[in-house]
Amino acid sequence: MEAEKTMAKQVKAHKPVGEEYLAGAKQASVVHRFPFPPEMVWNALLDPVAWTEWLPITKVTWTSPKPFGVGTTRTVEIGPQIVEETFFAWEEGRRMAFRFEASTLPISAAVEDYVVVPAEGGCEMRWSGKASAPLVLGGLITAQLTKGLKEGMPKLEQVIAANPGRFR
């Protein structure tokens, strides 16, 4: 019980940003082409365990019931860090974008946007994101997110290829 109180104190609310924040300057992006149909990559994004297999994420918990859409929430654990996310954009099978509603990270705001589109021989996943924090931390966190996605997307391709039936 005491540990829960300590953890709750560490999670702090962030600015409630959305599309306008994402459209601003200093946004980062990563694109990866997959040799799978878009629905397989989309289904991997819906799978909470898959996130732990391609990014340095410890656990993902969807905290809203299906069907997911605008207003859906989830909690992501990255080692000892906790991020509570709220989705502000949702186009089923194509796009999900969320803000960091609250977290233990030293940021004031952050968003991530995932878009999956058909491409010759499969699909592309396009990620963009941005974080703001005091001093230079926002740029460092944005760079960390970008590096994680750039290294992670090929791993996601391997996860899907290793068990395609899981994501059909």
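These legends walk through several close-up views of a predicted model.

Local features are described where pLDDT is at least 70 and side-chain atom pairs where pLDDT is 80 or more, while totals for chains, interfaces and linings use all residues. Residues are numbered from 1 along each chain as its sequence is written, and side-chain values use heavy atoms, with hydrogens and water left out.

**View 1. The largest pocket holds about 530 Å³ of space.**
A pocket here is an open set of points on a 1 Å grid over the protein atoms alone, where a 1.4 Å probe fits, with protein on both sides within 12 Å along at least five of seven lines. The volume is the space filled by probe spheres set on the points, which are joined across faces, edges and corners. Lining residues have an atom within 4 Å of a point; there are 26 of them, and P56, I57, I78, Q144 and L145 lie nearest the centre. Two or more lining residues come from each of helix 4 (48–54), strand 4 (73–78), strand 5 (81–91), strand 6 (95–103), strand 7 (109–119) and helix 5 (137–162). These elements are DSSP runs numbered from the N terminus, with helices (H or I) of at least four residues and strands (E) of at least two. Helix 5 gives the most to the lining, nine residues. By type, the lining has 16 nonpolar, four polar and six charged residues. Ala, Val, Leu, Ile, Met, Phe, Trp, Tyr, Cys and Pro count as nonpolar, Asp, Glu, Lys and Arg as charged, and the others, Gly among them, as polar.

**View 2. The largest nonpolar core brings together 43 residues.**
Such a core is a set of buried Ala, Val, Leu, Ile, Met, Phe, Trp, Tyr and Cys residues joined through side-chain atoms within 4.5 Å. Buried means under 20% relative accessible area, exposed over 50%, and partly exposed in between, using a 1.4 Å probe and protein chains only. Which residues touch the most other members? They are L45, W54, Y114 and M125. Helix 5 gives the most to this core, with seven residues. Apart from this core lies another, of eight residues, including L22, A97, A109 and V111. Leaving out residues up to four places away in sequence, Y114 touches L45, W51, W54, R94, R95, M96, F98, M125, R126, W127 and L149; contact means heavy atoms within 4.5 Å.

**View 3. Helix 3 (residues 38–46) is mostly covered.**
Seven of the nine residues in helix 3 are buried, namely P38, M40, V41, W42, A44, L45 and L46. The C-alpha atom of P38 is separated by 7.5 Å from that of G93, 55 residues away along the chain. G93 belongs to the loop between strand 5 and strand 6 and is partly exposed, at 29% relative accessibility. Beyond four places in sequence, G93 is in contact with W42 and V116.

**View 4. Strand 7 is largely enclosed by the rest of the structure, since 10 of its 11 residues are buried.**
Strands pair here if DSSP finds at least two bridges between them. Strand 6 and strand 7 pair in the antiparallel sense over five bridges, and a hairpin joins them through five residues. R99 has V111 in strand 7 as its bridge partner. Strand 7 also runs antiparallel to strand 8 (residues 122–132), joined by 11 bridges; there, E112 is partnered by G129. The hairpin of strand 7 and strand 8 has two residues between the strands, and G121 takes a positive phi near 80°.

**View 5. Strand 2 (residues 28–34) has a covered face and an uncovered one.**
A28, V30, H32 and F34 make up the covered face, while S29, V31 and R33 make up the uncovered one. Strand 2 pairs with strand 8 in the antiparallel sense over seven bridges, with R33 opposite E124. S128, found in strand 8, is buried at 10% relative accessible area. S128 and Q27 are 101 residues apart in sequence, yet 6.6 Å apart from C-alpha to C-alpha.

**View 6. A cis peptide bond joins K66 and P67, with omega about 0°.**
P67 lies in the loop between strand 3 (59–62) and strand 4. Within strand 3 is V60, which counts as buried at 7% relative accessibility. Leaving aside neighbours within four places in sequence, V60 is in contact with P48, W51, R74, T75 and V76.
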